[in-house]
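Here is a briefing on one protein chain. Keep the sequence and the 3D view open while you read.

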Amino acid sequence: MGRERAGRGQEHARSGQDGSKGPAGIVGWGRELRRLREARGWSQAELARRMFCDDSTISRLETGDLAPTEKTAQAADEALELPGSLASLREILLNLGGGQWQPDVAEMEKRATLVSLWDPCYLPGLLQGEAYMREVFLTAEPDATDAQIEQRVAERLARQEIWQRADPPPPMLHAVIWEPAFRVPVGGPKAMHDQLIDLAGAARANRRVRLQVLPLAHGGHAGMGGAFLVANFPHERPAAVLDNPLTGHMTEKRAEVDRLSLLFSTLASDAMTPQASADMIERWAGEWRT
C-alpha cells in the first residue's frame, strides 16, 4: 500500500473472451443478471426503471464494468421477483473469488468509510509527499521509464485529492506503521525530513487520520509478514489487500478479512498512541534535518 506496484491503485480491468470487462466474479454475476432480464423479455431500460436506477447502470452491471453492491443485488432480486437469488450468488462469488471482485485500490479508497492500513516498510500512500513517492516508485520499478514514473506520481497525487472531498466525506484512515519506515532515508535526508514533518502535521490536524507507530523496541510481532489494508464500506462487506512484489492479492472472503481485521487490531493495540506517535515522528524528522 505504500507502493501499489504493477497496477494496484490504477484501473486495470481484465477482458473476457466475449469482450466483457472486469474480474471473473463481477462478470459472472452480470451475465446472470442479463440472463434473468432477457428471460422476462425486459429491456435494460425496463429493469432500470424497476430498480430505480439509470439505464447505464444496468449496462455496466451486465458487462462487468460495475461491481454490484449488496444493496444493488437486493434491488435486482426485488425487481425480478427472485428473493435472495442474485444476493446469494454475489455472496457465493465473493467467497470463491479470492480477490477477483474489486480490482482497484484507488476505487476502494474512494468508496470506503474506513481504511485500516498496516505497513512495515513504507509510509501511507495517501499521505506521501511528491519527493518521497517518486523515490518509492524509482526503487520499486527500476525498469520503468521516466514517463512511467511521472505517471505513477501523478496518479498518486490525484488519489490524494480525496482529502478535499466534502460529500461524501473522505474515509477515515487508521494507519499503523513499523518504526523502520520512519528511519530509512527514502529520497535522502531532506525529502525524509519534509515528509515526516508533513506526516506529523496531518496526524495532528486531520481528524480523519489516525496514525500510530509500532516501535522496534516492541520486538517481534504478527505484522512482520508484510503490508495489508482492510477497507470498510457503507453498503458492502469489507475487503482486504495483501501486499506483494507484483500486484497484491485482494480478497473479500469473510474469514480472510476477519483474520486481517483481528491482526490489525492486535498491531494497533501494541503500537504507541497517536499523540505519542506524532511526537516521535517529529523527533525523527529533526534527526533528518540538513
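**Threonine 273 and the end of the chain**

Threonine 273 has a relative accessible area of 46%, so this residue counts as partly exposed. It comes from a predicted model, as does every value below. Threonine 273 sits in the loop between H11 and helix H12 (274–287).

**Around threonine 273 and aspartate 270**

- Threonine 273 and leucine 211 are 62 residues apart in sequence. In space, their C-alpha atoms are 8.3 Å apart.
- Aspartate 270 belongs to helix H11.
- Aspartate 270 is partly exposed because its relative accessibility is 31%, between the 20% and 50% cut-offs.
- Aspartate 270 is in contact with Leu214 and His218, once its neighbours within four places in sequence are left aside.
- Valine 213 is 57 residues from aspartate 270 in sequence. The C-alpha to C-alpha distance between these two is 9.2 Å.

**The chain as a whole**

- The protein chain holds twelve helices and six strands.
- Of its 290 residues, 48% are buried.
- The chain exposes about 13,900 Å². Carbon and sulfur atoms supply 53% of that area.
- Take the contacts between residues at least 6 apart in sequence: 74% of them join residues at least 24 apart.

**The sheet**

- Six strands build an open sheet with mixed pairing. Their order is E3-E2-E1-E4-E5-E6.
- Strand E3 (209–214) and strand E6 (249–251) are the edge strands. Each of them pairs on one side only.
- On average, neighbouring strands of this sheet are turned by 10 degrees against each other, direction ignored.
- Helix H11 (residues 254–270) lies across E1, strand E2 (172–178), E3, E4, strand E5 (239–242) and E6. H11 runs at about 110 degrees to E4.

**Strand E1 and its two partners**

- How much of E1 is buried? Five of its six residues are, so the strand is mostly covered.
- E1 (residues 114–119) pairs with strand E4 (residues 228–232) in the antiparallel sense, over five bridges.
- Along that pairing, leucine 117 faces leucine 229 in E4. Valine 115 stands opposite alanine 231, also in E4.
- With E2, the pairing of E1 is parallel and runs over six bridges. Here leucine 114 stands opposite methionine 172 in E2.

**Helices H2 and H4**

- Two packed helices are described by the angle between their axes and the distance between the axes.
- For helix H2 (residues 44–51) and helix H4 (residues 70–80), the axes come within 9 Å. They cross at roughly 110 degrees.
- H2 brings Leu47, Arg50 and Met51 to the contact. H4 brings Thr72, Ala75, Ala76, Ala79 and Leu80.
- By class, the contact of H2 with H4 has six nonpolar residues, one polar and one charged.

Terms used. Residues are numbered from 1 along each chain as its sequence is written. This is a predicted model: local features need pLDDT of at least 70, side-chain atom pairs count only at pLDDT 80 or more; totals for chains, interfaces and linings use all residues. Side-chain values use heavy atoms; hydrogens and water are left out. Two strands pair if DSSP finds at least two bridges between them. Helices (H or I, at least four residues) and strands (E, at least two) are DSSP runs, numbered from the N terminus. Axes are lines fitted to C-alpha atoms, for helices over the stretch in contact, and angles run from 0 to 180 degrees between N-to-C directions. Contact means heavy atoms within 4.5 Å. Buried means under 20% relative accessible area, exposed over 50%, partly exposed in between (1.4 Å probe, protein chains only). Accessible areas come from the Shrake-Rupley method with a 1.4 Å probe; for residues, only the protein chains shown count as cover. Ala, Val, Leu, Ile, Met, Phe, Trp, Tyr, Cys and Pro count as nonpolar, Asp, Glu, Lys and Arg as charged, and the others, Gly among them, as polar.
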